[in-house]
Amino acid sequence: MIRDAYAEQFNLTRHDYLASLDMVTWLRHYHVVRDLLAAAPRAVLEVGAGDGVVRRCVLPMVESYTVFDINARLQPDHVGDLKIGDPALTHRFDAVVATEVMEHLPFSDFPACLANLHAWLQRDGRAFVSLPHRQSSFAVLTPRQKFRTWRFPNGLLSLSEAYNRFIRRRIWIDPHHCWEIGDGRVKFSDVERCFVEAGFRPLKCLALPYCDYWILAKAEEVFR
C-alpha cells in the first residue's frame, strides 16, 4: 500500500496539484516568488512542475522560464530524472528552483541531485530550495501582520504523533516522500553538509511551517 502511494505521484496531473493547494504551500510560494523577483534573474529553471503557481507569477518578469520534471503528464519543457541530470542544461540559468522535490528520491541520491542543480547554474546563480521538516509548528499572525513560527519536537502537540513517536517508535512522513528532515534518520546538519559538499553556501535559511527554505549560492561567489 505504501509503495502504491509512493508510485501514484508520478502520474499526477496539474489539476491534482491545484486541487490540493493549502495554506502551507501558498506560504512557501510567497517566499520563493518574492525572493526570485528580488534577485531579478534572466533565465529560471524550475525542477518539479507541481501546481505551476510560481511559474505563472514569475514568467512575466523574466526572459525565460524552463520547467524540468520526470512526470510527462505535467508537460514540462524537459522530461528527465533529477538524479541523472541533463548536460544540455549546463550553465544555462541564473536561478534554479527546487521546492519540495528532492525528498521524493532516496537520500542517497541527494548529492547527485544537488550536483546537477549546481551544474545548471551560471557562475553568479542562485538556487532556491525547500525541504520538508518533520516537526510540529505553531504559527501566529501578529496585529502588524508579522508571521511568527515556533517549532516543537514530534509528539508534543499531537496525540497521534505522540503515539507514533513514543509507542510505535516511528515518525510518520508523507507517503510520497523517501525522507524528511527530522524523520529520525536525516538531520538538518546532514542536509547542510550535502550543500557544502556540492559546492553551495547558504545565503539565507528560513524555517517555515512544515519545511526549511534556503537561498544557495555557488561557493566561489561567496569566497571571492
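Which residues in H5 meet which residues in H7? In this predicted model, Phe110, Pro111 and Leu114 of H5 are in contact with Val191, Cys194 and Phe195 of H7. By class, this contact comprises six nonpolar residues, with no polar and no charged ones.

**Geometry of the helix pair**

- Two packed helices are described by the angle between their axes and by the distance between those axes.
- Helix H5 spans residues 110-120 and helix H7 spans residues 188-197; their axes come within 9 Å and cross at roughly 45°.
- The handedness of the crossing of H5 and H7 is right-handed.

**The buried face of H7**

- Asp190, Val191, Cys194 and Phe195 are buried in H7.
- These residues are on the same side of H7, because they cover an arc of only 145° around the axis.
- An α-helix has 3.6 residues a turn, so residues three or four places apart point the same way.
- The elements that cover the buried residues of H7 include helix H5, strand E5 (121-132), strand E8 (200-208) and strand E9 (211-218).
- After H7 comes Gly199, which has a positive phi near 100°.

- Val191 is located in helix H7 and has a relative accessibility of 0%, so it counts as buried, the cut-off being under 20% relative accessible area.
- With neighbours within four places in sequence left aside, Val191 is in contact with Phe107, Phe110, Leu131, Trp179, Ile181, Val186 and Trp214.
- One of these contacts, Phe110, is also among the H5 residues that meet H7.
- Val191 and Ala217 are 26 residues apart along the chain, and their C-alpha atoms are separated by 15 Å.

**Non-glycine residues with positive phi**

- Ala40 is not a glycine, yet its phi is positive, at about 50°.
- Ala40 lies in the loop between helix H3 (23-39) and strand E1 (43-47), and is exposed, with a relative accessible area of 55%.
- Gln75, likewise not a glycine, has a positive phi of about 55°.
- Gln75 lies in the loop between strand E2 (64-69) and strand E3 (78-79), and is exposed, its relative accessible area being 71%.

Terms used. Residues numbered from 1 in each chain as written. Predicted model: local features only at pLDDT ≥ 70, side-chain atom pairs only at ≥ 80, totals over all residues. Heavy atoms only, no water. Axes fitted to C-alpha atoms, helices over the stretch in contact; angles between N-to-C directions. Helix = DSSP H or I, 4+ residues; strand = E, 2+ residues; numbered from the N terminus. Left-handed = near helix turned anticlockwise from the far one by under 90°. Contact = heavy atoms within 4.5 Å. Nonpolar A, V, L, I, M, F, W, Y, C, P; charged D, E, K, R; others polar. Buried < 20%, exposed > 50% of the residue type's maximum accessible area, 1.4 Å probe, protein only. Arc of directions from axis to C-beta.
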